[in-house]
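These are my notebook entries on one structure. I record what I looked up, entry by entry.

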Amino acid sequence: MSNERSVNVNGKQEQLEQYRASDEGQKMTTNQGLKIAEDEFSLKAGERGPTLLEDFHFREKMTHFDHERIPERVVHARGFAAHGEFQVYESLREWTKARFLQDPSVKTPVFVRFSTVAGSRGSAETVRDARGFATKFYTEEGNYDLVGNNIPVFFIQDAIKFPDLIHALKPEPHHEMPQAASAHDTFWDFVANNQESAHMVMWAMSDRAIPRSFRMMEGFGVHTFRLVNEQGKAHFVKFHWKPVLGVHSLVWDEAQKISGKDPDFHRRDLWESIEQGNFPEFELGLQLLPEEDEFKFDFDILDPTKIWPEEDVPVRLVGKMTLNRNVDNVFAETEQVAFHPGHVVPGIDFSNDPLLQGRLFSYTDTQLIRLGGPNFHELPINRPVCPFHNNQRDGYGRQTINKGQVSYHNNSLAGNTPAVSTEAEGGYVHYQEKVEGRKVRARSESFKDHFTQAALFWNSMSFPEKQHIIQALSFELGKVRSKDVQQQVVDMFAHVSLELVTPVAEAIGAIPPASGGSPVTKASPALSQAHTVKKPMTRKVGVIVGQGFDDAEVMSVLDAWKAAGLQPEIIGEKLGQITGTNHTSLEVNHTFLTADSVLFDALCVVSGLAESPMLQKQAARFLQEAYEHYKPVGATREGRPLLEASGVESGPGVVVADQTDEFAASFVEAVAAHRHWDRKLV
Ligand code: HDE
């Protein structure tokens, strides 16, 4: 049984293989297969004459080019994806009958697309924003999509407000500015006048909104869903993805600089990690709640602006996803993939969360315009690995050649096939929740508390995290031109904390609220990144080296770091080889022109720099900036004078040691800590 099912994993790759094409070594043809004799010159009446309409090759090539673009996603336009697989640790049959969650030996193929929300398709990736985290599981019962974000709550409670939120967030329509940024008047005007946004705004102002890497952020299904087992028993569930490398962020100044130095920073990081075999891993977590406990909380579990604190409802880690293959073609795969929260399999069902309910409509609707019609499920990346049959026919881009005269149900001519399945045969039967009520347009009373969990989030932050939120809010509101909007937001966040809002008001010249604050004292330690997993693996260390370096010292440091999983990259004055005093040669990966301090997790200056004042100056600039971004910086014995000359003071995360092995080990430890927030910067 399990062998038969395991075929699925390779099944998706085999299916895609039929569509993968390489033009290498082939003869050029038209789309009709005609061999082309000349591809540089259009057909003209005389060498200097006009081009002829008869030139079918020119017309075909140009027409195709003219139609190469499809509309970008209205939100989440900027994204990057990878293939992988998912396995449960042990059967989840107690909670769900979903077949792909029953057997730990089954590997289910997945395709995951990470994205920013606000920016256009070509925008920078390290902007302050939520990140999309959408997973397509190709299961034997059909595709299941978990279309989540890296923030566990949302700005609004009802889908009908989504167009308003996005209009306010996107560049302002009269001058189309700013790109990929919430720091402008309309977004903050929306926030102040739709105060259900308070909780998510806290997350968006926190370090969560500037992740170090797609590989180092959590994912959340956000809504409450249902798991239903074979016996028909349901549990409410919240889905989590926990990154094995921990949750880590950039600092805001660094994020902004990366936007210029490498706007592709996050996709490059994902791509290179997979190419190097450092496969990103995420554990699937479930928070489960028996249906009887629906009303046991001081919030409504249907309200998507609320979390279930992990200390109250623990997250069970039930499986692991590994991303192990890059795409072959970004357009065909990443751009054409169509996710939908309504793509479910038996054993996974919805709740009445009004945001989720609206999403169930929106995602198919958007694909109809974006992918040009109702046959987008036939695109290779969207095809299920199991067979699919129904009476749907025709439409733009139809690829299946349906045989036979029957395309309706019920019929007798085809023996009433394709036939429906009973529940026992795997037919999807919606959970039979009893529902009754009057038709109303209203917000439930239980959805009206907007500030308790915003305060819970604030209370849960460490000191540096709080400082970052204050700075982020001061930055964002500082970019708002309307004094009135600024003041409204200050007054709104006075409901969360005066400790937060008073310095913000002072920074932007608003009136600090005389009273306010929240009565909430509860904190949820799981919300703070201070408590996340800390590992040195895959961190990029910029190693500044010059000609005539000390071979033994440098090579033993590099070897120790590689053994610990760090990725040292050599920065030098020029590309090419540099040679140590004992003739060891090292390839320089970057110069001070092609790289920048912000592109590394840590910087270290080793040796061989004495001869070059230019190199010393540049190295000092890099070290200084890394220091200001709280990154580990260090110097080997030979590099130490340069570190000292750079103005970097000793202190947390500044690593020096006389013994090479001691230095290498302390530096690994400093890198694992991610950032050294207790460093005093003037
Ligand atoms: Fe989406 N969202 N969304 N969203 N969303 C889209 O679908 C929408 C929401 C999310 O990598 C669109 O194919 C509505 C919450 C991700 O392809 C669109 C509402 C969450 C992605 C759409 C929401 C998400 C999208 C645009 C409020 C986290 C990118 C293109 C009711 C749980 C998927 C597309 C990818 C994309 C609608 C709210 C996550 C327009 C109406 C909450 C990760 O259909």
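**Entry 1: the sheet**

I began with an open sheet of six strands, which runs in the order β15-β12-β11-β16-β17-β18 with parallel pairing. I noted that β15 (590–591) and β18 (654–656) stand at the edges with a single partner strand each, so one side of each has no neighbour in the sheet. I took strands (E, at least two residues) and helices (H or I, at least four) as DSSP runs numbered from the N terminus, and two strands as paired if DSSP finds at least two bridges between them. Strands of a sheet pair through backbone hydrogen bonds, either parallel or antiparallel. I then looked up β11 and β12 (residues 567–572), which pair in the parallel sense over five bridges. For Ile 544, I found the bridge partner Ile 571 in β12.

**Entry 2: basis of the values**

I note that the model is predicted: local features need pLDDT of at least 70, side-chain atom pairs count only at pLDDT 80 or more, and totals for chains, interfaces and linings use all residues. Residues are numbered from 1 along each chain as its sequence is written, and side-chain values use heavy atoms, with hydrogens and water left out.

**Entry 3: the ligand**

I found 23 residues around the ligand, the closest being Arg 73, Arg 113, Arg 359, Tyr 363 and Gln 367. This shell divides into eleven nonpolar, nine polar and three charged residues. The classes are nonpolar (Ala, Val, Leu, Ile, Met, Phe, Trp, Tyr, Cys and Pro), charged (Asp, Glu, Lys and Arg) and polar (the others, Gly among them). Helix α9 gives the most to the shell, with six residues.

Which protein donor does the iron atom of the ligand have? I found Tyr 363 (OH) as the only one, at 1.9 Å; donors are N, O and S atoms within 2.8 Å of the metal (3.2 Å for Na, K and Ca), and sites may look incomplete because water is not among the atoms. Tyr 363 is placed in helix α9.

I also looked up distances from ligand oxygen atoms to a side-chain N or O atom: 2.7 Å for Arg 73 and 2.8 Å for Gln 367.

**Entry 4: His 531**

I located His 531 in the loop between α13 (498–508) and β11 (540–544). His 531 is exposed, with a relative accessible area of 56%; exposed means over 50% (1.4 Å probe, protein chains only). The C-alpha atoms of His 531 and Val 247 are 9.2 Å apart, although 284 residues separate them along the chain.

Note on methods. Near = heavy atom within 4 Å. Polar contact = N/O pair within 3.5 Å; in protein donor to acceptor, adjacent residues only side chain to side chain. Buried < 20%, exposed > 50% of the residue type's maximum accessible area, 1.4 Å probe, protein only.
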